[in-house]
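Me: I would like to learn how to read a structure feature by feature. Please go through this one with me.

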Amino acid sequence: MDTENLKIQIKTFFGLEEILAEEIRKLGGTNVEVKNRAVNCEGDLGFLYKINYSARTALKILVPVLTFKAWDENRFYDKLFDFPWEEYMTVDQSFAIDTTIYSERFSHSQFMAQKMKDAIVDYFKFKFNKRPSVDTQDPDIKIHLHIDRELVTVSLDSSGDPLFKRGYRKEQGEAPLNEVLASGMLQLAGWDGKGNFLDPMCGSGTLLIEAAMIAMDLPAQTFRRRFGFQNWLNYDEELFKTIKEVRLNRVKEFTGKIVGYDIDSDMLHAARINIESAEMEDVIEVKHQDFFESKKELFPLMMVFNPPYDERIVINDDEFYAKIGDTFKKNYPNTLAWLISSDLDSLKRVGLRPSRKIKLFNGKLECRFMQYEMYEGTKKIHKLEGREGDS
């Protein structure tokens, strides 16, 4: 593997590609190319370690090692059997394969993964008279198989566990927000740690913790214990240690306030456990508070939240969203508020024209991430309602 000029593919969620591309540029990636739910770039081994450790909107980071065209299963097997696998793993290491397939010719992903496993195992048996083991739960080496019609790409997964598993979440709520999505929403909203932050329906605290990490410039994987690349044959422990030290030395003090409200005591308990796990008790405050009975206490203020929708909590949606809009207008003047919801009909009940609308997915749910700008005085509210929002 050429460690000076690696071609790298970084997976993300739909709608966060540009945010991820900007993160990659800031961290030193070159030839950055935005794709659908992914960004391609180039960099050296140190850069690969750096983006795994620091990038907030990356889900997994792949390094392609083999590309070929296959028209049938025999060619597919032969090309994989001919590959020098011992340059990337030892016979004593376990491995697992995950697949993404867009092909009429090879439509069965489990069958293709099995075929690839056979080729790798047969290679080691032929070469060393010994076979590596498959471990789907906790493999040493994770391999990603991508087939697009006839084009086969085999990549090593440098992350191991998906990067939304930050390591701080001990408790979760009914439908917790994915950490990568939460961080992407905050960056789309323009949160940079200047001013104060409120999540008025904070659940188990993911948005609060991600907001604090951004405000302090704390690397996304500060609490993670293991990465896939640490099992690679070319792993440079000293280089990774240096990269971590340099990144941690950039952590800054945050002088604003990050506050979360919730009316559910169990949720607040879960949030407090997660905040403690992330060592953020001094930075984040959570309160038992009904947002609809709250008033603006922090100036200046950005608000980002994930109100209950779909299968989470049974509510009268129309009334609930109307109350969100009323609370915005009456109690939160001169505030920038963002909320995400998959309930597109109920969003209309907010009663304010959004100044921005961004399509995102929370799991499989298609959502809108809406920005509302509240101005003081009804004249300005009417003026805002007359504005056209982004489509």
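Me: Which residues does G15 touch, not counting residues up to four places away in sequence?

Reply: Contact means heavy atoms within 4.5 Å. By that test, G15 touches L188, K359 and L360, leaving out residues up to four places away in sequence. G15 sits in the loop between β1 (6-11) and α1 (17-27). Helices (H or I, at least four residues) and strands (E, at least two) are DSSP runs, numbered from the N terminus.

Me: What should I know about the model and the numbering?

Reply: This is a predicted model: local features need pLDDT of at least 70, side-chain atom pairs count only at pLDDT 80 or more, and totals for chains, interfaces and linings use all residues. Residues are numbered from 1 along each chain as its sequence is written, and side-chain values use heavy atoms, with hydrogens and water left out.

Me: Is G15 buried, partly exposed or exposed?

Reply: Buried means under 20% relative accessible area, exposed over 50%, and partly exposed in between (1.4 Å probe, protein chains only). G15 has a relative accessible area of 24%, so it is partly exposed.

Me: Where is D217, and what does it touch?

Reply: D217 is in the loop between α6 (206-216) and α7 (237-248). Its relative accessible area is 18%, so D217 is buried. D217 touches R56, R247, R250, V251 and K252, not counting residues up to four places away in sequence. Check its backbone too: phi of D217 is near 60°, a positive value in a residue other than glycine.

Me: Where does N129 lie, and what is its phi?

Reply: N129 lies in the loop between α4 and β6. Its phi is positive, about 55°, although N129 is not a glycine. N129 counts as exposed, at 71% relative accessibility.

Me: How do I read a sheet? What is the strand order here?

Reply: Strands of a sheet pair through backbone hydrogen bonds, either parallel or antiparallel. Two strands pair if DSSP finds at least two bridges between them. Here an open sheet of seven strands has the order β2-β3-β1-β4-β7-β6-β5, with mixed pairing. Its edge strands are β2 (30-35) and β5 (95-102), each pairing on one side only. Neighbouring strands of this sheet are turned by 30° against each other on average, direction ignored.

Me: How many bridges join β4 to β7?

Reply: Seven bridges join β4 (residues 60-69) to β7 (residues 151-157), and the two strands run antiparallel.

Me: How is a pair of packed helices described?

Reply: Two packed helices are described by the angle between their axes and the distance between the axes. Axes are lines fitted to C-alpha atoms, for helices over the stretch in contact, and angles run from 0 to 180 degrees between N-to-C directions. Take α1 and α2 (residues 45-54): they pack at an angle of about 130°, with axes 10 Å apart. That makes α1 oblique to α2. Angles under 35 degrees count as roughly parallel, over 145 as roughly antiparallel, 65 to 115 as roughly perpendicular and the rest as oblique. The contact is made by E23, I24 and L27 of α1 and F47, K50, I51 and S54 of α2.

Me: Is α2 itself buried or exposed?

Reply: Nine of the ten residues of α2 are buried, so the helix is largely enclosed by the rest of the structure. The cover over its buried residues includes β1, α1, β3, β4 and α7. At the start of α2, a side-chain oxygen of D44 reaches to within 3.3 Å of the backbone nitrogen of G46.

Me: How many residues of α5 are buried?

Reply: Ten of the eleven residues of α5 (residues 179-189) are buried, so this helix is largely enclosed by the rest of the structure. N178 caps the N-terminal end of α5, with a side-chain oxygen 2.8 Å from the backbone nitrogen of V180. After α5 comes G190, whose phi is positive, near 90°.

Me: At what angle do α5 and α6 cross?

Reply: Their axes cross at roughly 60° and come within 9 Å. So α5 and α6 are oblique to each other.

Me: Which peptide bond is cis?

Reply: The bond from F299 to P300 is cis, with omega near -15°. P300 is in the loop between β10 (284-288) and β11 (301-305).

Key
A polar contact is a pair of N or O atoms within 3.5 Å; within protein, one must be able to donate a hydrogen and the other to accept it, and residues adjacent in sequence count only if both atoms are side-chain atoms.
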